[in-house]
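Good morning, and thank you for coming. Please look at the structure on the screen while I go through a few of its contacts.

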Number of protein chains: 2
Amino acid sequence: DLVEDAIAFFVAKGLAGRRVLITAGPTFEPIDPVRGITNLSSGKMGFAIARACRQAGADVALVAGPTMLPTPREVRRVNVQTARQMADAVHAEMAAAAADVFIAVAAVADWRVANASASKLKKTEGGAPPALEFVQNPDILAGVAARPDAPYCVGFAAESEDLERNGQEKRRRKGVPLLVANIGHATFGRDDNELLLIDAEGMRRLERAPKDRLAAELVVELARRVGPAR
Amino acid sequence: DLVEDAIAFFVAKGLAGRRVLITAGPTFEPIDPVRGITNLSSGKMGFAIARACRQAGADVALVAGPTMLPTPREVRRVNVQTARQMADAVHAEMAAAAADVFIAVAAVADWRVANASASKLKKTEGGAPPALEFVQNPDILAGVAARPDAPYCVGFAAESEDLERNGQEKRRRKGVPLLVANIGHATFGRDDNELLLIDAEGMRRLERAPKDRLAAELVVELARRVGPAR
């Protein structure tokens with residue numbers, strides 16, 4: 001705590017007075033009461049960004065999917081499991097007090113299981129596998145960006161290839177000013193990462209570094225664009 | 001560590017010299033490089049049993065699915081992701097040195113995705129969901145029980161209902177001397193649990209208690225049946 005206090009003291013308050021809403025971690029989409037579909041996101045990047053925003057003076061709310069990570073100091077955390085719960089929690093936060101910045105770091109499931117079972121699916125003798133039907137989940141980032149009180153929106157894209165093209169395309173499709181692209185299997189579960197920031201002006205690469213360090217660099221970029229509250 | 005030393009000193013060495021092999025945690029079955037199917041198992045029960053077996057004097061190997069839990073002291077841990085990796089690791093352990101006891105606590109995926117994608121599945125405009133095909137995973141417990149050098153086998157059953165009937169049926173089907181049944185949604189992710197022990201003599205209920213406590217009680221039951229090495 002002393003160390004965090006010292007860091008916070010020396011960090012420029014580039015987001016002082018700003019309200020920042022962040023999603024982090026994976027979501028978990030039930031198949032039955034015990035099984036579900038998820039992804040390898042650890043939540044580390046989003047939690048690091050929440051901590052860095054708080055250290056830069058922002059008021060931070062963090063909507064987190066299932067992860068065992070500790071809550072960053074002075075960050076308000078709301079735990080959710082599914083994409084729909086995450087969307088509900090995000091819009092409830094916006095309804096309570098409009099955010100200035102929304103950073104969608106969570107790796108949200110694109111699909112959920114339409115025919116989830118109320119009791120545990122049994123492995124049968126014949127070995128017939130479950131027939132799962134899928135339905136698309138709400139797009140949380142697009143939903144926030146489409147609000148009349150839309151904050152400055154930052155999207156994250158976990159790609160498996162062609163970061164530049166996929167990232168630029170995703171930025172256009174989502175209609176957000178800033179898109180942060182990274183390689184899914186080079187970030188999920190790891191303590192370090194590398195980021196590609198894409199905005200209307202072009203691209204900037206943040207070299208591989210610990211996630212805490214990248215989060216601090218991202219907050220500097222964010223403060224340049226949003227700045228402290230006036 | 002001092003506390004663990006003290007506990008270990010006072011715990012009866014009911015499994016002294018025994019080699020115990022334990023699986024714990026969920027498995028993760030890839031859908032694509034970032035998504036997969038898993039379950040809500042935290043690994044806490046299996047890790048607690050590994051610790052309790054070690055404290056009772058056993059030589060313990062722990063094959064663990066993805067979990068952020070710390071490794072119990074003086075327990076050898078092998079990390080795996082999928083059911084097939086877990087099966088391979090278990091048989092490799094048995095090949096290296098036959099275990100006296102095998103405790104299958106892991107919540108192993110019954111099915112894996114047959115048509116997993118090498119690159120991340122994209123959410124398309126039309127929103128066509130992925131067509132997943134499933135194939136049954138190897139039954140790790142049955143595989144170990146069928147070995148010529150089969151150890152004393154303990155199975156775990158996470159049921160959503162009718163613990164007694166489902167547990168007894170599972171014990172017969174798996175052909176194991178001891179089956180421990182519990183309710184999946186009343187144990188996964190929790191620090192406490194309740195267990196139903198089923199063997200040829202009948203059933204014994206271990207009342208709801210912290211998992212560390214239940215693990216110690218289970219080891220007493222195990223020591224009654226297996227005992228220290230002669």
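This is a predicted model: local features need pLDDT of at least 70, side-chain atom pairs count only at pLDDT 80 or more; totals for chains, interfaces and linings use all residues.

Asp110(B) pairs with Arg35(A) in a salt bridge, and the closest N and O atoms of the two lie 2.5 Å apart. This pair crosses between chains: Asp110(B) sits in the loop between strand E6 (101–104) and strand E7 (111–113) of chain B, while Arg35(A) belongs to strand E3 (residues 35–39) of chain A.

Over all chains, a search of the whole structure finds 46 salt bridges.

Let us now consider the interface as a whole. Chain A contributes 39 residues to the contact, and chain B contributes 39 residues. Between chain A and chain B, an area of about 3,500 Å² is buried, and carbon and sulfur atoms give 59% of it. Which residues of chain A lose the most area to chain B? They are Val34(A), Trp111(A) and Lys123(A), which together account for 19% of what that side buries.

I turn next to helix packing within chain A. In general, two packed helices are described by the angle between their axes and the distance between the axes. The axes of helix H2 (residues 44–55) of chain A and helix H6 (residues 211–225) of chain A come within 8 Å, crossing at roughly 50°. H2(A) passes H6(A) in a right-handed crossing. On the H2(A) side, the residues in contact include Met45(A), Ala48(A), Ile49(A) and Arg51(A). On the H6(A) side, they include Asp212(A), Leu214(A), Leu218(A) and Val219(A). By class, the residues of this contact of H2(A) with H6(A) divide into 10 nonpolar, no polar and four charged.

Finally, I come to chain B. Here the axes of helix H2 (residues 44–55) of chain B and helix H6 (residues 211–225) of chain B come within 8 Å and cross at roughly 50°. H2(B) and H6(B) are therefore oblique to each other, and their crossing is right-handed. Among the residues that make the contact are Lys44(B), Ala52(B) and Cys53(B) of H2(B), together with Lys211(B), Ala215(B) and Ala216(B) of H6(B). The residues of the contact of H2(B) with H6(B) divide into 10 nonpolar, no polar and four charged.

Conventions. Residues are numbered from 1 along each chain as its sequence is written. Chains are lettered from A and ligands numbered from 1 in the order in which they are written. Side-chain values use heavy atoms; hydrogens and water are left out. Axes are lines fitted to C-alpha atoms, for helices over the stretch in contact, and angles run from 0 to 180 degrees between N-to-C directions. Helices (H or I, at least four residues) and strands (E, at least two) are DSSP runs, numbered from the N terminus. A crossing is left-handed if the near helix is turned anticlockwise from the far one by less than a right angle, and right-handed if clockwise. Contact means heavy atoms within 4.5 Å. Ala, Val, Leu, Ile, Met, Phe, Trp, Tyr, Cys and Pro count as nonpolar, Asp, Glu, Lys and Arg as charged, and the others, Gly among them, as polar. Buried area is the accessible area (1.4 Å probe) that two parts lose on being put together, summed over both. Angles under 35 degrees count as roughly parallel, over 145 as roughly antiparallel, 65 to 115 as roughly perpendicular and the rest as oblique. A salt bridge is a side-chain nitrogen of Lys or Arg within 4 Å of a carboxyl oxygen of Asp or Glu.
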